[in-house]
Amino acid sequence: MGLIEKIKDIEEEMARTQKNKKTEYHIGLLKAKLAKYRTALLEPSKKEKAGEGFEVSKFGSARVSMIGFPSVGKSTLLSTITETKSLAAAYEFTTLTCIPGVINYKETKIQLLDLPGIIEGAAHGKGRGRQVIAVGKSSDLIMMVLEASKGEEQKRKLTRELETVGIRLNRGTPDVNFLITKGGGIRFNSTCRLTQIDLPQIRNILHEYKIHHADILVKEDISVDDFIDVIEGNRKYIKCLYVYNKVDQISLEDVDEIAHRQDSVVISCNMGLNMDFLLEKIWEKLSLVRIYTKKRGEPPDFEEPIVLTQQRNGITVMSVCTQIHRELHKDFKYAFVWGTSAKFSPQRVGLNHVLQDEDVLQIITSSKGKK
């Protein structure tokens with residue numbers, strides 16, 4: 001029996017198993033087996049070659065990937081907010097490869113990828129879904145493009161596909177310390193009351209993974225799925241923005257209701273509606289921090305800021321040093337900061353000082369060179 005058949009059997013068994021106190025241990029074991037098989041399924045085979053158009057180098061300060069069903073308007077959106085032209089047509093699967101574009105916004109370059117339309121079953125290798133999802137995992141933000149009239153149904157299906165391959169949307173990493181040891185059995189502690197999982201369930205799941213010695217410290221009320229994610233260790237926690245296109249085809253009441261949902265933006269590519277607000281929301285979600293550098297005795301350079309992100313290298317003075325030159329921190333003496341992160345201007349700071357957007361930074365080194 002192949003992996004896909006095993007996964008299907010477990011999913012069917014989970015669907016017909018009633019969820020109650022007596023079956024929660026059995027369901028926990030099924031979830032653990034399902035996660036193992038899905039991880040094995042997604043591992044690329046030795047014969048598998050990289051798909052055409054999917055070897056896209058990272059460019060700019062952040063990467064945003066558009067994911068959605070065919071013909072929801074991704075290609076039109078790419079052509080609208082970037083200078084890249086992506087083929088658009090009123091039939092499915094117009095885009096067959098990954099097409100990159102660049103958003104120029106607030107002196108920052110943001111890479112925008114137009115991925116081929118994802119379809120149901122993509123996580124199991126159907127269509128080009130596996131390559132699409134692999135690119136999505138490397139993104140700083142996923143922009144889920146939905147058709148306004150079918151938004152909730154499409155959102156549910158896409159979220160399920162992404163969950164299947166280990167992408168968690170708008171969620172943080174579970175606060176759990178997990179360390180496999182060579183002996184001592186299972187040593188478990190928690191700093192809070194657990195309402196969704198208990199020690200016997202944890203032991204059963206660990207046994208399924210053939211883990212017999214481990215130190216576990218749980219710091220929040222996690223679920224069975226969260227604990228399996230911790231064991232797997234390959235989950236990607238990515239921010240997501242839900243973009244509802246073609247709002248010109250639904251009523252004003254529906255547009256207003258969708259617009260008030262969390263992490264949601266309503267647009268119309270054909271009519272060019274709400275594009276400025278979409279760019280603002282992308283910027284807000286990415287949490288980019290622009291730092292302007294200053295040399296001693298000269299005005300700050302406001303033309304080309306150094307752009308930092310929390311997801312990549314952090315937003316400290318050390319992050320700026322690393323971007324300028326990887327060895328610069330060795331000669332670092334102190335720095336002066338002007339801006340909202342400073343208690344007074346200028347404030348003398350060290351490498352661990354956390355910067356904020358549009359701060360001005362002057363780095364002083366122990367050698368003659370000064371930035």
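Trainee: In what sense do β11 and β15 pair, and over how many bridges?
Mentor: Strand β11 (residues 289-293) pairs with strand β15 (residues 359-365) in the parallel sense, over three bridges. Strands are DSSP runs of E of at least two residues and helices are runs of H or I of at least four, numbered from the N terminus; two strands pair if DSSP finds at least two bridges between them. This is a predicted model, in which local features need pLDDT of at least 70 and side-chain atom pairs count only at pLDDT 80 or more, while totals for chains, interfaces and linings use all residues. Residues are numbered from 1 along each chain as its sequence is written, and side-chain values use heavy atoms, with hydrogens and water left out.

Trainee: Which residue of β15 does I291 stand opposite?
Mentor: I291 stands opposite D359.

Trainee: What is the strand order in the sheet?
Mentor: The order is β12-β11-β15-β13-β14, an open sheet of five strands with mixed pairing. At the edges are β12 (306-308) and β14 (347-349), each of which pairs on one side only.

Trainee: Changing topic: at what angle do α3 and α9 pack?
Mentor: Helix α3 (residues 74-81) packs against helix α9 (residues 275-286) at about 90°, and their axes are 11 Å apart. Axes are lines fitted to C-alpha atoms, for helices over the stretch in contact, and angles run from 0 to 180 degrees between N-to-C directions. The angle makes α3 roughly perpendicular to α9, a term that covers 65 to 115 degrees.

Trainee: Which residues make that contact?
Mentor: L77, T80 and I81 of α3 meet M275, L278 and L279 of α9, where contact means heavy atoms within 4.5 Å.

Trainee: Is α3 mostly covered or uncovered?
Mentor: Mostly covered, as six of its eight residues are buried, that is, under 20% relative accessible area with a 1.4 Å probe, protein chains only. The buried residues of α3 are K74, S75, L77, L78, S79 and I81. Their cover includes β1 (62-67), β2 (99-105), β3 (108-114), β4 (141-147) and α9.

Trainee: And which residues touch the most other members of the largest nonpolar core?
Mentor: L77, M143, L278 and I282 do, in a core of 52 residues. Such a core is a set of buried Ala, Val, Leu, Ile, Met, Phe, Trp, Tyr and Cys residues joined through side-chain atoms within 4.5 Å. Leaving aside neighbours within four places in sequence, L77 is in contact with M66, M143, V145, I267, C269, M275 and L278.

Note on methods
Buried means under 20% relative accessible area, exposed over 50%, partly exposed in between (1.4 Å probe, protein chains only). Angles under 35 degrees count as roughly parallel, over 145 as roughly antiparallel, 65 to 115 as roughly perpendicular and the rest as oblique.
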